Amino acid sequence: MSPHREHPRADAAGGTPSDTAARAGDRGEAGDAHAGGNGEAGDGGAGDPVESSLPGDLAEARQAYQRYLALERALSPHTVRAYLGDVDGLLHTVARDSGALAGLDLAALRRWLAEQRTGGASRSTLARRGSAARVFTAWAARTGRLEEDPGLRLVAPRPHRTLPAVLSVEQANTMLTAATTGAAEGDPVAVRDLLLIELLYATGVRVAELCGLDLSDVDQRRRTLRVVGKGNRERTVVYGVPAERALRRWLDGARSDLAGPTSPPALLLGVRGGRLDQRVARTVVNGAASTVPGHPGLSPHGLRHSAATHLLVGGADLRSVQELLGHATLSTTQLYTHVTVERLKAIHDQAHPRA
């Protein structure tokens with residue numbers, strides 16, 4: 001497995017809908033080009049109104065930072081926009097106070113965050129923007145634009161970490177049984193929807209990663225999928241027998257019922273033969289979740305949370321779950337251990353005679 005291999009589906013697997021997919025969402029399709037572009041976010045030229053309003057070296061730094069995020073870090077256009085959106089406020093504050101990048105010091109960072117706090121920004125927003133500022137200042141110091149990295153000494157509030165909502169095993173079975181019943185009559189859309197739900201739960205992949213899969217990414221003999229996730233990181237995930245049955249039913253006829261002469265080689269197709277749009281996939285999962293009492297608003301990410309939690313409860317080690325989910329750091333995966341502990345506490349409180 002090559003963790004940093006270049007891949008044309010980087011945008012589609014970035015965890016959010018691409019611009020192409022968003023435009024096609026009402027049609028239930030994401031278009032070709034794997035629902036994404038080439039991973040770049042534009043050239044940041046003079047036509048950018050934000051950059052044009054910045055003076056001198058601040059505009060140059062923003063343009064170079066945009067290229068760094070898009071080309072060197074291979075982030076999706078959506079992620080690049082998110083990083084730049086947080087940094088733009090910081091750069092405008094520096095432009096107002098000193099007019100040059102050299103004025104970006106620890107005092108400027110603290111003043112910027114304090115102004116946002118006074119303006120009503122939430123704790124999680126401040127934490128995110130503080131993190132984005134540290135990434136920018138580290139890059140600026142590394143490239144010689146700042147003499148030292150002021151972000152190293154910046155202390156921003158930590159966001160409140162909430163436990164993700166998960167299904168119990170019984171609730172997951174209820175949801176999958178309902179989807180199986182819907183596909184029993186052979187309607188191609190219902191068969192596709194069953195495969196969508198089975199694969200999301202069986203593999204724990206992100207909805208963008210699943211919608212970005214091609215037929216060539218499926219190894220039916222080994223029951224594996226080749227997935228390209230955030231940052232162009234490639235990994236192999238496995239799926240079980242129920243998902244295999246759903247896949248065979250889809251490939252043995254239902255997919256060809258939706259495919260047209262111009263259809264892409266996508267694994268999952270929309271009703272008009274294009275690549276399945278992520279928003280349609282979310283609607284499918286939300287509809288299937290309505291059969292589960294207490295979880296009418298479950299998202300595809302809820303199935304991802306559920307898959308990870310059930311793996312850990314079943315005895316899987318944390319490192320294996322990290323590899324399966326495609327988390328860059330183990331600390332992200334450790335969140336699911338808290339879910340497991342809370343579930344064990346609930347079982348203990350309900351069943352233990354001395355609880």
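How do helix 3 and helix 4 run relative to each other, roughly parallel or roughly antiparallel? I looked at the axes: helix 3 (residues 56-72) and helix 4 (residues 77-97) come within 11 Å and cross at roughly 165°. Helix 3 and helix 4 are therefore roughly antiparallel to each other.

Ground rules before I go on. This is a predicted model, where local features need pLDDT of at least 70 and side-chain atom pairs count only at pLDDT 80 or more, while totals for chains, interfaces and linings use all residues. Residues are numbered from 1 along each chain as its sequence is written, and side-chain values use heavy atoms, with hydrogens and water left out.

My terms for the packing entries:
- Helices (H or I, at least four residues) and strands (E, at least two) are DSSP runs, numbered from the N terminus.
- Axes are lines fitted to C-alpha atoms, for helices over the stretch in contact, and angles run from 0 to 180 degrees between N-to-C directions.
- Angles under 35 degrees count as roughly parallel, over 145 as roughly antiparallel, 65 to 115 as roughly perpendicular, and the rest as oblique.

**Helix 3 with helix 4**

I checked the handedness: the crossing of helix 3 and helix 4 is right-handed. The rule is that a crossing is left-handed if the near helix is turned anticlockwise from the far one by less than a right angle, and right-handed if clockwise. Next I listed who touches whom, with contact meaning heavy atoms within 4.5 Å. Helix 3 brings Leu58, Arg62, Tyr65, Gln66, Leu69 and Ala70, and helix 4 brings Val80, Tyr83, Leu84, Val87, Asp88, Leu91, Val94 and Ala95. Sorted by class, that contact holds eleven nonpolar, one polar and two charged residues. For the classes, Ala, Val, Leu, Ile, Met, Phe, Trp, Tyr, Cys and Pro count as nonpolar, Asp, Glu, Lys and Arg as charged, and the others, Gly among them, as polar.

Arg62 and Asp88 turn up again as a salt bridge, their closest N and O atoms 2.6 Å apart. I use the cut-off of a Lys or Arg side-chain nitrogen within 4 Å of a carboxyl oxygen of Asp or Glu. Asp88 in helix 4 and Arg62 in helix 3 are 26 residues apart, so the pair links distant parts of the chain.

**Helix 3 with helix 6**

I followed helix 3 to its packing on helix 6, at an angle of about 100° with the axes 11 Å apart. Those two are therefore roughly perpendicular. Ala61, Ala64, Tyr65 and Tyr68 of helix 3 meet Ala132, Val135, Phe136, Trp139 and Arg142 of helix 6. I get eight nonpolar, no polar and one charged residues there.

**Helix 7 with helix 8**

Helix 7 (residues 169-183) and helix 8 (residues 188-203) have axes that come within 8 Å and cross at roughly 155°. That makes the pair roughly antiparallel. I noted that this crossing is left-handed. Ala172, Met175, Leu176, Ala179, Thr180, Gly182 and Ala183 of helix 7 meet Ala190, Val191, Leu194, Ile197, Glu198 and Tyr201 of helix 8. The class tally is ten nonpolar, two polar and one charged.

**Other salt bridges**

How many salt bridges are there? The count comes to 18. Arg128 sits in helix 6 (residues 123-142) and Asp86 in helix 4, 42 residues apart. Arg128 is partly exposed at 44%, whereas Asp86 is buried at 8%.

Arg279 and Asp277 form another, with the closest N and O atoms 3.5 Å apart. Arg279 is partly exposed at 34%, while Asp277 is buried at 0%. I also found Arg96, Asp97, Arg111 and Glu115 joined into one network by salt bridges that share partners.

**Loop and totals**

I looked up Glu147, in the loop between helix 6 and helix 7. Glu147 is exposed at 87% relative accessibility.

For the protein chain, I have 15 helices and three strands. Of its 355 residues, 48% are buried. Among contacts between residues at least 6 apart in sequence, 64% join residues at least 24 apart.

Note on methods
Buried < 20%, exposed > 50% of the residue type's maximum accessible area, 1.4 Å probe, protein only.
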